[in-house]
Amino acid sequence: MSAEAEPTVKYKRVLLKISGEALMGDQGYGLHPPTVARIAREVKTVHDLGVEICMVIGGGNIFRGLAGAAQGMERTTADYMGMLATVMNALGMQAQLEALGIHTRVISAIPMDQVCEPYIRRRAVRHLEKKRICIFAAGTGNPYFTTDTAATLRANEMNCEAIFKGTKVDGVYDKDPKKFPDAKRYDQVSYDECLQKNLGVMDASAIALARDNNLPIIVFSLDEPGGFRGILAGQGTYTTVKG
């Protein structure tokens, strides 16, 4: 009977990718602690189901490398600044998750031992097996790669069964639903269609990496209360990107 109380989850290990902008709430910049706390509570509801979770958070709420490069800054330097922004976001999320009683590890691709762990794949896998949440920070550790690509890379390395991409809308549309009322939402779309139609799910290298490793990407609304947990239980509105 207890089996009926808890829904059967579709995936046992997942990576949640969210943008840095998702953490700033209605502010124009930085971290909004109540918003970070709300997202942490959403993550906890999934963690409580026994799902192993790792996360990648962007840095666009603090600094975006491409924007810095567009304003004349050297691209490599701008990208490293963006990577450091992701570490700040990861630490903020770690603080909220641990306030909820969830053991969390921030794992950085750029070593900074005083504040987080260096990335060692086998150690990270062990953390997940012990039901700790791993937040991968500093992207891939290399300039010219986005946090989308970092998320897909880490998801593959951790043997995740899916990437959950939390956004402002409840799936992938053929055009911006906030600008066009007649925008059509896809229930399912292929990797190649995403690339050909430039649907903006993730950048091209991330989509290609997911396609080459047959890793599904589930796009859902992070603003929908209970959405993350609902999808794992087979409910809710979302788009699945797969072959």
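Student: Where does K17 have its place, and what makes that element a strand?
Tutor: K17 lies in strand β1, a name that applies because strands are DSSP runs of E with at least two residues, numbered from the N terminus. This is a predicted model, in which local features need pLDDT of at least 70 and side-chain atom pairs count only at pLDDT 80 or more, whereas totals for chains, interfaces and linings use all residues. Residues are numbered from 1 along each chain as its sequence is written, and side-chain values use heavy atoms, leaving out hydrogens and water.

Student: What makes the pairing of the K17 and D148 side chains a polar contact?
Tutor: The distance is 3.4 Å, and the term requires N or O atoms within 3.5 Å, where within protein one must be able to donate a hydrogen and the other to accept it, and residues adjacent in sequence count only if both atoms are side-chain atoms; the pair therefore qualifies.

Student: How do you know that the UniProt "binding site" residues do not all gather at one spot?
Tutor: The unreviewed UniProt entry lists K17, I18, S19, G20, G60, R64, T167, Y173 and D176.

Student: Which backbone oxygen does the side chain of T167 reach?
Tutor: T167, in strand β6, reaches that of V169 at 2.7 Å.

Methods. UniProt positions renumbered as here; feature names shortened; annotations may be inferred. Helix = DSSP H or I, 4+ residues; strand = E, 2+ residues; numbered from the N terminus.
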